[in-house]
Amino acid sequence: MMTKSQIFKSQFPNFIGAVNFFTSDCEQLNFINVEDDSVEFTRTVTASCGCCSEIEEREESLSFIMDGMMNDEFQDLLDFLK
């Protein structure tokens with residue numbers, strides 16, 4: 001059985017580009033690079049008091065992001081990019 005990152009790589013083998021896709025974890029996927037196996041994303045973190053929030057910009061491996069997605073969320077991303 002293929003992982004979500006393997007499925008993504010098979011459907012978009014040379015994908016390098018900007019995206020504007022929001023996940024259910026309040027992350028915004030900004031840039032996906034299949035060749036470098038990386039995803040740049042922005043996460044909004046709200047303080048426990050709820051009074052303020054902070055924006056983190058991060059980069060993780062494609063498998064870290066894709067394989068951690070829920071099935072319907074992953075399918076939404078595939079549909080978004082087609």
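**Entry 1: what I am looking at.** This is a predicted model, in which local features need pLDDT of at least 70 and side-chain atom pairs count only at pLDDT 80 or more, while totals for chains, interfaces and linings use all residues. Residues are numbered from 1 along each chain as its sequence is written, and side-chain values use heavy atoms, with hydrogens and water left out.

**Entry 2: the chain as a whole.** I looked up the elements and found 3 helices and 4 strands, which follow one another along the sequence as α-β-β-β-β-α-α. The C-alpha trace spans about 45 × 25 × 20 Å along its principal axes. Of the 82 residues, 33% count as buried (under 20% relative accessible area, with exposed meaning over 50% and partly exposed in between, for a 1.4 Å probe and protein chains only).

**Entry 3: the strands.** I followed β2 (residues 27-33) into β3 (residues 38-46) and found that they pair in the antiparallel sense over 6 bridges; Gln28, for instance, has Thr42 in β3 as its bridge partner. Between these two strands the hairpin has 4 residues, and there Asp37 takes a positive phi near 55°.

**Entry 4: one face of α1.** In helix α1 (residues 4-11) I listed the buried residues as Lys4, Ser5 and Phe8. Seen down the axis of α1, these fall within an arc of 100°, so they line one face of the helix; the arc is that of the directions from the helix axis to the C-beta atoms. Their cover includes β2, α2 (62-66) and α3 (71-81).

**Entry 5: Met66.** Which residues does Met66 touch, not counting those up to four places away in sequence? I first placed Met66 in helix α2 and noted that Met66 is buried, with a relative accessible area of 0%. Met66 touches Lys4, Ser5, Phe8, Ile32, Phe74 and Leu77, where contact means heavy atoms within 4.5 Å. Among these are Lys4, Ser5 and Phe8, the buried residues of α1 from my previous entry. For Ile55 I wrote down that Met66 is 11 residues away in sequence and 21 Å away in space, C-alpha to C-alpha.

Notes. Pairing = 2+ DSSP bridges.
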